[in-house]
Amino acid sequence: MKQIYLDYNATSPVRPEVLEVMLPFYKEQFGNPSSVHWAGRAVSGALEKAREQVAALINASPAEIVFLSCGSEGDNMAIKGTLGALKDKGNHIITTAVEHPAVLETCEALEKEGYDVTFLPVDKNGTLDLADLEKAITDKTVLISVMWANNETGNIYPIEEIGKIARKYKIRFHTDAVQSVGKVPVDVQKANVDLLVISGHKIGAPKGVGAIYIRRGTRMTTFMHGGHQERNRRAGTQNVAGIVGLGKACEMAAAELDDYYKRVRALRDRLEDGVLSQVPDIKLNGTPDREQRLPNTLNVSFAYIEGESLLLNLDMFGIAASSGSACTSGSLEPSHVMGAMCVEVTLAHSSTRFSLGPESTAEEVDKVLEVLPATVQRLREMSPLYNCGKTAEDCETCETVRRI
Ligand SMILES: *Cc1c(COP(=O)(O)O)cnc(C)c1O
């Protein structure tokens, strides 16, 4: 059976061109980039080339790029490194209720340590009201942290506008751009961000490598003490092969961005149109304005059924999708993103994410459209919630479904 991978927001396959450039660094190019001899010099050159490739994708200077172990490390570093450096200025962070756990849980942990955190609410489509942001700013605010795009819904946030607000109030601005780079244009100058995080494995590079953009002159404390790698920003011998792979993936993403957007967007729209027209009683999660969503992401709730059982049934046809985010599946709690959007709890449990990538094809989308409506119908017929005989007036689920 042909396998169909529609979970690119969880991770992506390493692209063949990326693997190709990485391999020598597991073989003859084994040197430590900090060594002064021939073995080190050959490798340090490769690191600097990768730094240029990453910088070019987001319109930064190579000296502003620091390599890390993953996106989560970058988010932790941005937030904790800012609070440490700006201790004397204040202790208040503004973020949103829909961040990735790498930001959300970092902020929750800091709150327990005594920091003051504002989690901005979103509306039922998952969009932010920037008036709430301005209202939340105090003279103790040292950081605004808002993701460029959401991993579950694909919603793109108004980063340029937030950047203007941050500049107006002279507050540092961090954005988690893990889901955005390579999918939509990301420009750190235009958006006026000070800190921006990316991760290799979401864009065709391997797992275990990421990078943070730190605007020149931005003071940060480090939580990783040790050697003087990465201009003293991040101790530890670099993951050279991974970094070389990340550089190549960024170079490819920059060259392919327009084509990626058009092609993947067309496939996602084909899937979205098909699902919305062929499956009754469903709810789109995220903004209905497709321009304001990542081109590759579709998140829908199928009333009366569990997302997990739908996933397992799709898996039997070789189709890989996701319910909630990869990190939270396995827990019975509905996703915090659906919660923040006030999605009714049974609908939150049935939320299913399809995320496409550069390797996705029209045949794959058509196969999903062939399998999905009948699978949903079959699961509904087994569901005690479906055709339960009650009227909408005395059944909360029916009432909810009637409203979607
Ligand atoms: C995947 C993801 C992360 C975490 O990146 P890792 O490299 O897996 O640690 C952070 N933020 C967002 C939005 C993500 O999708």
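# Exercises on a predicted model

Strand β12 (residues 351-355) is mostly covered, with five of its five residues buried. The model is predicted: local features need pLDDT of at least 70, side-chain atom pairs count only at pLDDT 80 or more, and totals for chains, interfaces and linings use all residues. Residues are numbered from 1 along each chain as its sequence is written, and side-chain values use heavy atoms, with hydrogens and water left out.

**Exercise 1.** Describe the two sides of β12 and its pairing with β10.

*Solution.* 
Step 1. Terms: helices (H or I, at least four residues) and strands (E, at least two) are DSSP runs, numbered from the N terminus. Buried means under 20% relative accessible area, exposed over 50%, and partly exposed in between (1.4 Å probe, protein chains only).
Step 2. Ser351, Arg353 and Ser355 point one way from β12, Thr352 and Phe354 point the other way, and all are buried.
Step 3. β12 pairs with strand β10 (residues 297-302) in the antiparallel sense over five bridges. Two strands pair if DSSP finds at least two bridges between them.
Step 4. Opposite Phe354 of β12 stands Leu298.

**Exercise 2.** Check the span of helix α3, then find how far α3 is enclosed.

*Solution.* 
Step 1. The expected span of a helix is 1.5 Å times one less than its number of residues. For the 15 residues of α3 this should be 21 Å, and the end C-alpha atoms are 21 Å apart, which agrees.
Step 2. Of the 15 residues of α3, 12 are buried, so the helix is largely enclosed by the rest of the structure. Among them are Gly71, Met77, Ile79 and Leu83.
Step 3. Axes are lines fitted to C-alpha atoms, for helices over the stretch in contact, and angles run from 0 to 180 degrees between N-to-C directions.

**Exercise 3.** Describe how α3 and α4 pack.

*Solution.* 
Step 1. Helix α3 (residues 71-85) and helix α4 (residues 101-112) pack at about 35°, and their axes are 9 Å apart.
Step 2. Contact means heavy atoms within 4.5 Å. From α3, the contact is made by Ser72, Asp75, Asn76, Ile79, Lys80 and Leu83; from α4, by Ala102, Val103, Thr106, Cys107 and Leu110.
Step 3. The buried residues of α4 are Pro101, Ala102, Val103, Leu104, Thr106, Cys107 and Leu110. They pack against α3, β3 (92-96), β4 (116-120), β5 (141-145), β6 (172-176) and α10 (336-340).
Step 4. The 12 residues of α4 should span 16 Å at 1.5 Å a residue, and the end C-alpha atoms are 16 Å apart, which agrees.
Step 5. After α4 comes Gly114, whose phi is positive, near 110°.

**Exercise 4.** Locate Asp194 and Ser180, and decide for each: buried or exposed?

*Solution.* 
Step 1. Asp194 is in the loop between α7 (188-191) and β7. At 14% relative accessibility, Asp194 counts as buried.
Step 2. Leaving aside neighbours within four places in sequence, Asp194 is in contact with Ile171, Arg172, Phe173, Tyr213, Ile214, Arg215 and Thr218.
Step 3. Ser180 is in the loop between β6 and α7. Ser180 is buried, with a relative accessible area of 0%.
Step 4. With neighbours within four places in sequence again left aside, Ser180 is in contact with Trp148, Ala149, Val186 and Leu294.
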